[in-house]
Amino acid sequence: MTRARMPRPHEVAAARRDPRLLRALSERRQDEAWRTRGTCQSVDPETFFPAPNEPADAAVALCRSCDVQGSCLAWALEVGDCHGVWGGTTPRERRAMLVAWRSEVQPDPDAAGEPGPPVRDRLLTLVPLS
């Protein structure tokens with residue numbers, strides 16, 4: 001089993017411009033019943049979880065024609081799922097998108113009670129300025 005590496009800065013920059021991520025951001029929490037309408041409902045789930053040495057092309061092709069692709073990807077990024085194909089993306093693509101997602105999506109104040117500090121302040125506490 002191989003360990004997933006952190007995405008490189010250029011991969012994160014490309015992910016920020018990816019239309020699939022932009023669609024997921026716009027459809028985030030818009031459709032709570034997306035799973036019932038997915039194209040994947042009529043396909044064997046094994047298709048979306050290929051072995052590490054097998055291509056994910058069949059699953060990605062199915063996702064391209066799906067109406068709920070954005071909601072599916074938003075869900076996977078929200079929960080941090082790194083296995084299988086979700087929203088037409090492979091785990092490697094989603095790792096880069098996840099970095100961009102976390103910087104774009106603010107915590108839900110209703111879910112956490114009190115809103116946290118702005119993203120910039122949180123980053124400053126993690127990365128001290130010299």
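A disulfide is a pair of cysteine sulfur atoms within 2.5 Å. The structure is a predicted model, in which local features need pLDDT of at least 70, side-chain atom pairs count only at pLDDT 80 or more, and totals for chains, interfaces and linings use all residues. Residues are numbered from 1 along each chain as its sequence is written, and side-chain values use heavy atoms, with hydrogens and water left out.

Q: How many disulfides does the rule count?
A: The sulfur of C66 has its closest cysteine sulfur in C40, 6.2 Å away, which is too far for a bond. For C72 the closest cysteine sulfur is in C63, and at 6.0 Å that pair is also too far for a bond. The count of disulfides by this rule is zero.

Q: Is C72 buried or exposed?
A: Buried means under 20% relative accessible area, exposed over 50%, and partly exposed in between, with a 1.4 Å probe and protein chains only. The relative accessible area of C72 is 10%, so C72 is buried.

Q: Which class of accessibility does R29 have, at a relative accessible area of 45%?
A: R29 lies in the loop between α2 (19–27) and α3 (57–64), where helices are DSSP runs (H or I, at least four residues) numbered from the N terminus. With its relative accessible area of 45%, R29 is partly exposed.

Q: How is α4 oriented relative to α5?
A: Helix α4 (residues 69–79) and helix α5 (residues 91–104) pack at an angle of about 75°, where axes are lines fitted to C-alpha atoms over the stretch in contact and angles run from 0 to 180 degrees between N-to-C directions. Angles under 35 degrees count as roughly parallel, over 145 as roughly antiparallel, 65 to 115 as roughly perpendicular and the rest as oblique. Therefore α4 and α5 are roughly perpendicular.

Methods. Helices (H or I, at least four residues) and strands (E, at least two) are DSSP runs, numbered from the N terminus.
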